[in-house]
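Reader: I would like a close look at a single part of this model, the side of one chain that touches its partner. Please set that part in the context of the chain it belongs to.

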Amino acid sequence: MEAELGRCVASFYPGATGIAGATKLSGGASQETWSFDIVHPEGDIGAILRRAPTGFGAAPRRAAGLNNEAALMHLAYQAGVPSPRVLHVLAPEDDLGTGFIMERVEGETIARKILRDEKFAIARQHLARQLGRVAAGIHGLPRAELPQLREMTSTKEIDELGREYHSFDWPRPVFELALRWLKDNDPGPPEEVTLVHGDFRHGNLVIGPVGVRAVLDWELAHFGDPMEDLGWICVNSWRFGEIDKPVGGFGSREELYGGYESAGRKVDADRARFWEVMGTLRWGVMCCGMMQRFRDQPDHSMERAMIGRRASETEIDLMVLLAPRES
Amino acid sequence: MQDEPTPIELTKAVADFLRNEIAPGLSGHQAFKLRVAVNILDLVTRQLALEQGSDGAEAARLAQLLDLNGSLFELNRALADRIADGKVDLTTPGLPEHLWQTTLDKLAIDQPNYASYKRERGRRNE
(Lines give C-alpha, C1' and ligand atoms only; values in the text may rest on other atoms or scores of the structure.)
Protein backbone atom coordinates (compact mmCIF):
# COMPACT_ATOMS: atom_id res chain seq x y z
CA MET A 1 0.00 0.00 0.00
CA GLU A 2 2.75 2.47 1.00
CA ALA A 3 4.54 2.03 -2.33
CA GLU A 4 1.39 2.69 -4.38
CA LEU A 5 0.50 5.65 -2.18
CA GLY A 6 3.99 7.12 -2.56
CA ARG A 7 3.82 6.84 -6.36
CA CYS A 8 0.31 8.29 -6.39
CA VAL A 9 1.32 11.31 -4.28
CA ALA A 10 4.37 12.01 -6.46
CA SER A 11 2.08 12.00 -9.52
CA PHE A 12 -0.32 14.75 -8.36
CA TYR A 13 1.62 16.82 -5.81
CA PRO A 14 4.40 18.89 -7.42
CA GLY A 15 7.70 18.37 -5.62
CA ALA A 16 6.47 15.55 -3.37
CA THR A 17 9.08 12.83 -2.98
CA GLY A 18 7.01 10.18 -1.19
CA ILE A 19 5.04 9.48 1.96
CA ALA A 20 5.82 8.71 5.60
CA GLY A 21 4.07 7.53 8.72
CA ALA A 22 1.07 5.82 7.13
CA THR A 23 -1.29 4.69 9.92
CA LYS A 24 -4.71 3.09 9.53
CA LEU A 25 -7.21 5.11 11.57
CA SER A 26 -10.23 2.95 10.96
CA GLY A 27 -11.21 0.19 8.66
CA GLY A 28 -14.10 -2.12 8.08
CA ALA A 29 -14.29 -4.78 5.41
CA SER A 30 -15.15 -2.32 2.68
CA GLN A 31 -13.74 1.08 3.67
CA GLU A 32 -10.52 2.37 5.23
CA THR A 33 -9.21 5.68 6.51
CA TRP A 34 -5.44 6.26 6.60
CA SER A 35 -3.41 9.14 7.98
CA PHE A 36 0.03 9.89 6.46
CA ASP A 37 2.44 12.70 5.63
CA ILE A 38 3.30 13.82 2.13
CA VAL A 39 7.09 14.23 2.17
CA HIS A 40 8.08 17.50 0.54
CA PRO A 41 11.38 19.43 0.52
CA GLU A 42 9.57 22.59 1.64
CA GLY A 43 7.89 20.84 4.57
CA ASP A 44 5.70 17.77 4.97
CA ILE A 45 1.94 17.99 4.49
CA GLY A 46 -0.49 16.03 6.69
CA ALA A 47 -2.95 14.02 4.62
CA ILE A 48 -5.83 11.57 4.94
CA LEU A 49 -6.73 8.78 2.52
CA ARG A 50 -10.32 7.48 2.42
CA ARG A 51 -10.62 4.46 0.18
CA ALA A 52 -12.47 1.30 -0.67
CA PRO A 53 -9.83 -1.26 -1.64
CA THR A 54 -10.16 -2.79 -5.10
CA GLY A 55 -12.97 -5.31 -5.11
CA PHE A 56 -15.01 -3.40 -2.55
CA GLY A 57 -16.31 -0.64 -4.78
CA ALA A 58 -19.98 -0.95 -3.91
CA ALA A 59 -21.06 1.40 -1.14
CA PRO A 60 -23.66 0.37 1.46
CA ARG A 61 -27.23 1.24 0.51
CA ARG A 62 -27.45 4.56 2.35
CA ALA A 63 -23.91 5.69 1.58
CA ALA A 64 -23.25 8.54 -0.83
CA GLY A 65 -20.13 6.82 -2.22
CA LEU A 66 -16.54 8.01 -1.94
CA ASN A 67 -16.48 9.92 -5.22
CA ASN A 68 -19.55 11.86 -4.14
CA GLU A 69 -18.01 12.51 -0.73
CA ALA A 70 -14.98 14.01 -2.45
CA ALA A 71 -17.16 16.15 -4.71
CA LEU A 72 -19.21 17.41 -1.75
CA MET A 73 -16.13 18.27 0.31
CA HIS A 74 -14.64 20.12 -2.61
CA LEU A 75 -17.83 22.16 -3.15
CA ALA A 76 -18.15 22.84 0.57
CA TYR A 77 -14.54 24.01 0.71
CA GLN A 78 -15.06 26.34 -2.24
CA ALA A 79 -18.22 27.77 -0.68
CA GLY A 80 -16.35 28.63 2.52
CA VAL A 81 -17.79 25.82 4.67
CA PRO A 82 -14.98 24.66 7.03
CA SER A 83 -13.81 21.57 5.23
CA PRO A 84 -10.58 19.75 4.38
CA ARG A 85 -9.16 20.54 0.96
CA VAL A 86 -9.49 17.57 -1.38
CA LEU A 87 -6.07 16.96 -2.92
CA HIS A 88 -6.72 14.06 -5.27
CA VAL A 89 -9.47 11.67 -6.34
CA LEU A 90 -8.10 8.16 -6.89
CA ALA A 91 -7.91 6.97 -10.50
CA PRO A 92 -7.59 3.33 -11.68
CA GLU A 93 -3.88 3.83 -12.50
CA ASP A 94 -3.20 4.72 -8.84
CA ASP A 95 -3.92 1.06 -8.02
CA LEU A 96 -5.36 2.03 -4.64
CA GLY A 97 -9.04 1.25 -5.19
CA THR A 98 -11.63 4.03 -5.16
CA GLY A 99 -11.55 7.03 -2.86
CA PHE A 100 -9.72 10.29 -2.35
CA ILE A 101 -6.88 12.05 -0.53
CA MET A 102 -7.52 15.19 1.49
CA GLU A 103 -5.60 17.56 3.70
CA ARG A 104 -5.46 16.51 7.35
CA VAL A 105 -7.10 19.15 9.53
CA GLU A 106 -5.57 19.13 13.02
CA GLY A 107 -7.98 19.39 15.93
CA GLU A 108 -10.22 17.40 18.24
CA THR A 109 -13.21 15.20 17.38
CA ILE A 110 -13.67 13.39 20.70
CA ALA A 111 -16.77 14.81 22.39
CA ARG A 112 -15.67 14.32 25.99
CA LYS A 113 -12.49 16.35 25.40
CA ILE A 114 -14.34 19.08 23.52
CA LEU A 115 -16.86 19.33 26.37
CA ARG A 116 -14.42 19.14 29.31
CA ASP A 117 -10.93 20.34 28.34
CA GLU A 118 -9.92 23.87 29.31
CA LYS A 119 -8.40 24.52 25.89
CA PHE A 120 -11.86 24.39 24.29
CA ALA A 121 -13.48 26.75 26.82
CA ILE A 122 -13.68 29.60 24.30
CA ALA A 123 -14.78 27.32 21.46
CA ARG A 124 -17.65 26.00 23.58
CA GLN A 125 -19.10 29.49 23.96
CA HIS A 126 -19.34 30.05 20.21
CA LEU A 127 -19.75 26.58 18.78
CA ALA A 128 -23.55 26.30 18.58
CA ARG A 129 -23.84 29.63 16.76
CA GLN A 130 -20.93 28.77 14.45
CA LEU A 131 -22.44 25.40 13.63
CA GLY A 132 -25.74 27.09 12.79
CA ARG A 133 -23.89 29.15 10.19
CA VAL A 134 -22.02 26.08 8.93
CA ALA A 135 -25.26 24.11 8.53
CA ALA A 136 -26.77 27.04 6.63
CA GLY A 137 -23.72 27.02 4.34
CA ILE A 138 -24.18 23.32 3.63
CA HIS A 139 -27.90 23.71 2.97
CA GLY A 140 -27.21 26.64 0.68
CA LEU A 141 -24.90 24.76 -1.70
CA PRO A 142 -26.42 25.15 -5.18
CA ARG A 143 -28.21 21.99 -6.21
CA ALA A 144 -27.17 22.30 -9.86
CA GLU A 145 -23.51 21.79 -8.91
CA LEU A 146 -24.10 18.85 -6.56
CA PRO A 147 -23.64 15.19 -7.46
CA GLN A 148 -26.50 12.70 -7.73
CA LEU A 149 -27.55 11.62 -4.21
CA ARG A 150 -30.48 9.71 -2.79
CA GLU A 151 -33.50 11.81 -1.89
CA MET A 152 -35.04 11.18 1.51
CA THR A 153 -38.38 12.31 2.89
CA SER A 154 -39.62 12.12 6.46
CA THR A 155 -42.24 9.56 5.37
CA LYS A 156 -39.62 7.31 3.73
CA GLU A 157 -37.36 7.61 6.77
CA ILE A 158 -40.19 6.58 9.14
CA ASP A 159 -40.91 3.55 6.94
CA GLU A 160 -37.25 2.52 6.77
CA LEU A 161 -36.77 2.85 10.53
CA GLY A 162 -39.96 0.88 11.19
CA ARG A 163 -38.90 -1.87 8.81
CA GLU A 164 -35.45 -2.14 10.32
CA TYR A 165 -36.76 -2.17 13.90
CA HIS A 166 -39.36 -4.83 13.07
CA SER A 167 -36.68 -7.00 11.41
CA PHE A 168 -35.04 -7.43 14.85
CA ASP A 169 -38.22 -9.20 16.05
CA TRP A 170 -37.88 -7.84 19.58
CA PRO A 171 -40.86 -5.83 20.85
CA ARG A 172 -40.09 -2.35 22.19
CA PRO A 173 -43.26 -0.50 23.14
CA VAL A 174 -41.38 2.82 23.44
CA PHE A 175 -40.05 2.51 19.87
CA GLU A 176 -43.62 1.76 18.71
CA LEU A 177 -44.80 4.85 20.55
CA ALA A 178 -42.14 6.91 18.78
CA LEU A 179 -42.99 5.43 15.37
CA ARG A 180 -46.66 6.16 15.94
CA TRP A 181 -45.86 9.72 17.04
CA LEU A 182 -43.68 10.26 13.97
CA LYS A 183 -46.46 9.04 11.66
CA ASP A 184 -49.04 11.23 13.39
CA ASN A 185 -46.76 14.28 13.30
CA ASP A 186 -45.08 13.80 9.92
CA PRO A 187 -44.73 17.34 8.54
CA GLY A 188 -44.49 16.14 4.93
CA PRO A 189 -42.12 17.59 2.34
CA PRO A 190 -40.31 20.82 3.28
CA GLU A 191 -40.77 24.08 1.41
CA GLU A 192 -37.27 23.69 0.02
CA VAL A 193 -35.40 20.42 -0.47
CA THR A 194 -31.66 20.94 0.11
CA LEU A 195 -28.43 19.05 0.56
CA VAL A 196 -28.45 17.45 4.04
CA HIS A 197 -25.13 16.42 5.62
CA GLY A 198 -26.86 13.49 7.34
CA ASP A 199 -24.43 12.98 10.22
CA PHE A 200 -23.82 16.49 11.55
CA ARG A 201 -22.64 15.84 15.14
CA HIS A 202 -19.69 15.17 17.46
CA GLY A 203 -17.14 12.86 15.89
CA ASN A 204 -17.59 14.40 12.45
CA LEU A 205 -16.67 17.94 13.50
CA VAL A 206 -13.01 18.91 13.94
CA ILE A 207 -12.81 21.48 16.73
CA GLY A 208 -9.95 23.84 17.54
CA PRO A 209 -9.47 26.31 20.41
CA VAL A 210 -11.69 28.96 18.79
CA GLY A 211 -14.25 26.72 17.17
CA VAL A 212 -15.09 24.47 14.25
CA ARG A 213 -12.30 23.81 11.75
CA ALA A 214 -13.81 21.18 9.49
CA VAL A 215 -16.92 19.13 8.82
CA LEU A 216 -16.02 15.52 8.00
CA ASP A 217 -17.73 12.33 6.89
CA TRP A 218 -20.25 13.09 4.17
CA GLU A 219 -21.05 9.40 3.82
CA LEU A 220 -24.73 9.89 4.70
CA ALA A 221 -25.25 13.07 2.65
CA HIS A 222 -28.54 13.19 0.74
CA PHE A 223 -31.24 15.55 -0.44
CA GLY A 224 -34.04 16.22 2.00
CA ASP A 225 -35.39 18.44 4.74
CA PRO A 226 -32.61 20.81 5.94
CA MET A 227 -34.11 20.71 9.45
CA GLU A 228 -32.91 17.10 9.70
CA ASP A 229 -29.34 18.30 10.39
CA LEU A 230 -30.53 20.74 13.09
CA GLY A 231 -32.60 18.02 14.78
CA TRP A 232 -29.85 15.39 14.63
CA ILE A 233 -27.23 17.56 16.34
CA CYS A 234 -29.69 18.09 19.25
CA VAL A 235 -30.24 14.35 19.92
CA ASN A 236 -29.52 13.71 23.60
CA SER A 237 -27.07 10.90 22.77
CA TRP A 238 -24.59 13.55 21.54
CA ARG A 239 -24.75 15.64 24.73
CA PHE A 240 -22.50 13.29 26.70
CA GLY A 241 -24.13 14.06 30.04
CA GLU A 242 -24.57 17.83 29.49
CA ILE A 243 -28.28 17.26 29.03
CA ASP A 244 -29.35 20.87 29.50
CA LYS A 245 -27.26 22.03 26.53
CA PRO A 246 -29.16 20.49 23.64
CA VAL A 247 -26.64 21.29 20.91
CA GLY A 248 -23.91 18.69 21.38
CA GLY A 249 -23.72 19.37 25.13
CA PHE A 250 -22.23 22.83 24.53
CA GLY A 251 -24.99 25.15 23.32
CA SER A 252 -28.63 26.16 23.14
CA ARG A 253 -31.12 25.75 20.33
CA GLU A 254 -31.48 29.54 20.28
CA GLU A 255 -27.75 29.94 19.51
CA LEU A 256 -27.86 27.27 16.81
CA TYR A 257 -30.97 28.76 15.22
CA GLY A 258 -29.59 32.30 15.57
CA GLY A 259 -26.42 31.34 13.71
CA TYR A 260 -28.46 29.58 11.04
CA GLU A 261 -30.74 32.55 10.45
CA SER A 262 -27.83 35.03 10.51
CA ALA A 263 -26.63 33.24 7.36
CA GLY A 264 -29.88 34.05 5.61
CA ARG A 265 -31.81 30.79 6.02
CA LYS A 266 -35.02 30.21 7.96
CA VAL A 267 -35.45 27.77 10.86
CA ASP A 268 -38.64 25.78 11.31
CA ALA A 269 -38.36 24.86 15.00
CA ASP A 270 -41.26 22.37 14.90
CA ARG A 271 -39.64 20.48 12.05
CA ALA A 272 -36.28 20.48 13.83
CA ARG A 273 -38.01 18.98 16.92
CA PHE A 274 -39.67 16.37 14.72
CA TRP A 275 -36.23 15.38 13.35
CA GLU A 276 -34.82 15.28 16.90
CA VAL A 277 -37.41 12.61 17.77
CA MET A 278 -36.64 10.81 14.50
CA GLY A 279 -32.90 11.02 15.22
CA THR A 280 -33.30 9.69 18.75
CA LEU A 281 -35.22 6.69 17.44
CA ARG A 282 -32.72 6.30 14.60
CA TRP A 283 -29.80 6.07 17.01
CA GLY A 284 -31.77 3.53 19.09
CA VAL A 285 -32.43 1.40 16.02
CA MET A 286 -28.75 1.70 15.05
CA CYS A 287 -27.72 0.43 18.50
CA CYS A 288 -29.99 -2.61 18.01
CA GLY A 289 -28.53 -3.11 14.53
CA MET A 290 -24.95 -3.09 15.83
CA MET A 291 -25.96 -5.69 18.41
CA GLN A 292 -27.29 -7.86 15.56
CA ARG A 293 -23.89 -7.60 13.86
CA PHE A 294 -22.36 -8.91 17.07
CA ARG A 295 -24.82 -11.78 17.26
CA ASP A 296 -24.50 -12.71 13.58
CA GLN A 297 -20.71 -12.78 13.96
CA PRO A 298 -19.18 -10.25 11.56
CA ASP A 299 -18.07 -8.20 14.57
CA HIS A 300 -18.00 -10.36 17.67
CA SER A 301 -16.52 -7.75 20.00
CA MET A 302 -17.58 -6.84 23.53
CA GLU A 303 -18.17 -3.23 22.45
CA ARG A 304 -20.67 -4.28 19.80
CA ALA A 305 -22.45 -6.47 22.33
CA MET A 306 -22.65 -3.66 24.87
CA ILE A 307 -23.99 -1.14 22.39
CA GLY A 308 -27.18 -3.22 22.25
CA ARG A 309 -27.68 -2.25 25.87
CA ARG A 310 -27.51 1.42 24.97
CA ALA A 311 -30.76 1.33 23.00
CA SER A 312 -32.57 1.81 26.31
CA GLU A 313 -30.84 5.21 26.62
CA THR A 314 -32.77 6.33 23.58
CA GLU A 315 -35.96 4.93 25.10
CA ILE A 316 -35.67 7.21 28.12
CA ASP A 317 -34.81 10.11 25.80
CA LEU A 318 -37.91 9.37 23.72
CA MET A 319 -40.03 9.26 26.89
CA VAL A 320 -38.64 12.66 27.93
CA LEU A 321 -39.52 14.04 24.47
CA LEU A 322 -42.95 12.44 24.06
CA ALA A 323 -44.29 11.89 27.59
CA PRO A 324 -42.51 14.38 29.86
CA ARG A 325 -43.47 14.21 33.51
CA GLU A 326 -44.28 17.14 35.78
CA SER A 327 -41.18 18.36 37.55
CA MET B 1 -31.30 -26.27 44.15
CA GLN B 2 -27.89 -24.98 43.13
CA ASP B 3 -25.30 -24.35 45.77
CA GLU B 4 -23.66 -21.17 46.97
CA PRO B 5 -22.04 -18.80 46.13
CA THR B 6 -24.74 -17.23 44.00
CA PRO B 7 -24.11 -16.07 40.41
CA ILE B 8 -24.22 -12.47 41.66
CA GLU B 9 -21.44 -13.17 44.14
CA LEU B 10 -19.39 -14.95 41.47
CA THR B 11 -19.63 -12.29 38.76
CA LYS B 12 -18.94 -9.60 41.32
CA ALA B 13 -15.83 -11.43 42.52
CA VAL B 14 -14.47 -11.61 38.95
CA ALA B 15 -15.30 -7.95 38.23
CA ASP B 16 -13.61 -6.84 41.44
CA PHE B 17 -10.50 -8.89 40.65
CA LEU B 18 -10.19 -7.44 37.13
CA ARG B 19 -10.86 -3.90 38.33
CA ASN B 20 -8.57 -3.91 41.37
CA GLU B 21 -5.72 -6.21 40.38
CA ILE B 22 -5.48 -6.36 36.59
CA ALA B 23 -6.62 -2.91 35.41
CA PRO B 24 -3.85 -0.93 37.18
CA GLY B 25 -1.19 -2.82 35.19
CA LEU B 26 -2.70 -2.21 31.74
CA SER B 27 -2.64 0.74 29.39
CA GLY B 28 -3.87 1.76 25.95
CA HIS B 29 -6.07 -0.59 23.97
CA GLN B 30 -5.89 -3.41 26.52
CA ALA B 31 -6.95 -1.08 29.33
CA PHE B 32 -9.88 0.08 27.20
CA LYS B 33 -10.94 -3.51 26.45
CA LEU B 34 -10.68 -4.46 30.10
CA ARG B 35 -12.87 -1.51 31.07
CA VAL B 36 -15.52 -2.76 28.63
CA ALA B 37 -15.24 -6.26 30.09
CA VAL B 38 -15.65 -5.00 33.65
CA ASN B 39 -18.65 -2.92 32.56
CA ILE B 40 -20.22 -6.06 31.11
CA LEU B 41 -19.70 -8.02 34.32
CA ASP B 42 -21.16 -5.13 36.34
CA LEU B 43 -24.20 -5.06 34.05
CA VAL B 44 -24.70 -8.81 34.41
CA THR B 45 -24.41 -8.49 38.17
CA ARG B 46 -27.06 -5.75 38.23
CA GLN B 47 -29.34 -7.80 36.01
CA LEU B 48 -29.00 -10.87 38.23
CA ALA B 49 -29.89 -8.75 41.23
CA LEU B 50 -32.76 -6.71 39.80
CA GLU B 51 -34.33 -8.55 36.89
CA GLN B 52 -36.64 -10.92 38.77
CA GLY B 53 -38.34 -8.17 40.71
CA SER B 54 -38.74 -5.75 37.80
CA ASP B 55 -39.87 -8.47 35.36
CA GLY B 56 -42.55 -9.63 37.81
CA ALA B 57 -43.89 -6.13 38.31
CA GLU B 58 -43.79 -5.42 34.56
CA ALA B 59 -45.74 -8.60 33.77
CA ALA B 60 -48.36 -7.74 36.37
CA ARG B 61 -48.78 -4.20 34.96
CA LEU B 62 -49.01 -5.52 31.40
CA ALA B 63 -51.58 -8.20 32.32
CA GLN B 64 -53.76 -5.53 33.87
CA LEU B 65 -53.24 -2.96 31.12
CA LEU B 66 -53.96 -5.46 28.33
CA ASP B 67 -56.33 -7.81 30.14
CA LEU B 68 -54.22 -10.70 28.82
CA ASN B 69 -52.10 -13.55 30.11
CA GLY B 70 -48.85 -14.71 28.56
CA SER B 71 -45.08 -14.60 28.78
CA LEU B 72 -43.39 -11.23 29.25
CA PHE B 73 -42.28 -11.35 25.60
CA GLU B 74 -45.84 -12.06 24.40
CA LEU B 75 -47.29 -9.32 26.57
CA ASN B 76 -44.74 -6.80 25.29
CA ARG B 77 -45.48 -7.83 21.73
CA ALA B 78 -49.21 -7.35 22.35
CA LEU B 79 -48.60 -3.89 23.82
CA ALA B 80 -46.31 -2.93 20.93
CA ASP B 81 -48.99 -4.03 18.43
CA ARG B 82 -51.75 -2.09 20.18
CA ILE B 83 -49.60 1.06 20.25
CA ALA B 84 -48.82 0.62 16.54
CA ASP B 85 -52.53 0.19 15.76
CA GLY B 86 -53.47 3.23 17.82
CA LYS B 87 -55.66 1.12 20.13
CA VAL B 88 -53.77 2.49 23.12
CA ASP B 89 -51.90 5.78 23.43
CA LEU B 90 -50.52 8.17 26.02
CA THR B 91 -54.06 9.10 27.09
CA THR B 92 -54.79 5.46 28.02
CA PRO B 93 -54.90 5.29 31.85
CA GLY B 94 -51.75 3.67 33.18
CA LEU B 95 -49.81 3.54 29.89
CA PRO B 96 -47.42 6.46 30.42
CA GLU B 97 -46.73 5.29 33.99
CA HIS B 98 -46.09 1.75 32.74
CA LEU B 99 -43.71 2.86 29.99
CA TRP B 100 -41.84 5.14 32.37
CA GLN B 101 -41.45 2.45 35.02
CA THR B 102 -40.35 -0.17 32.49
CA THR B 103 -37.83 2.23 30.94
CA LEU B 104 -36.40 3.23 34.33
CA ASP B 105 -36.08 -0.46 35.25
CA LYS B 106 -34.10 -1.09 32.05
CA LEU B 107 -31.77 1.85 32.65
CA ALA B 108 -31.17 0.74 36.25
CA ILE B 109 -29.47 -2.32 34.75
CA ASP B 110 -28.13 -1.01 31.42
CA GLN B 111 -26.77 2.47 32.20
CA PRO B 112 -27.43 3.68 35.76
CA ASN B 113 -25.02 6.59 35.18
CA TYR B 114 -26.88 7.96 32.16
CA ALA B 115 -27.65 11.59 32.99
CA SER B 116 -31.32 11.53 31.89
CA TYR B 117 -31.87 8.42 34.01
CA LYS B 118 -30.33 10.00 37.10
CA ARG B 119 -32.57 13.04 36.73
CA GLU B 120 -35.76 11.05 36.09
CA ARG B 121 -35.09 8.57 38.86
CA GLY B 122 -34.66 11.47 41.27
CA ARG B 123 -37.96 12.89 40.08
CA ARG B 124 -39.75 9.63 40.84
CA ASN B 125 -38.46 9.50 44.39
CA GLU B 126 -39.42 13.07 45.24
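Author: Chain A has eleven helices and nine strands, where helices (H or I, at least four residues) and strands (E, at least two) are DSSP runs numbered from the N terminus. This is a predicted model, in which local features need pLDDT of at least 70 and side-chain atom pairs count only at pLDDT 80 or more, while totals for chains, interfaces and linings use all residues. Residues are numbered from 1 along each chain as its sequence is written, and chains are lettered from A and ligands numbered from 1 in the order in which they are written.

Turning to the part you asked about, 26 residues of chain A are in contact with 28 residues of chain B, two residues being in contact if their C-beta atoms, placed from the backbone, lie within 7 Å. On the side of chain A that touches chain B, helix H6 (173-184), helix H10 (302-307) and helix H11 (311-322) each supply at least two residues, and H11(A) gives the most, with seven residues. By class, this side of chain A has twelve nonpolar, four polar and ten charged residues, where Ala, Val, Leu, Ile, Met, Phe, Trp, Tyr, Cys and Pro count as nonpolar, Asp, Glu, Lys and Arg as charged, and the others, Gly among them, as polar.

As for the chain that carries this side, chain A has a radius of gyration of 20 Å, which agrees with the value near 20 Å for a compact globule of 327 residues; the radius is taken over C-alpha atoms, and the globule rule is 2.2 Å times the number of residues to the power 0.38. The C-alpha trace of chain A spans about 65 × 45 × 40 Å along its principal axes. Of the contacts in chain A with a separation of 6 or more, 65% are accounted for by residues 24 or more positions apart.

Roughly 55 × 40 × 30 Å is the box that the C-alpha atoms of chain B fill, taken along the principal axes. Among contacts in chain B between residues at least 6 apart in sequence, 45% join residues at least 24 apart.
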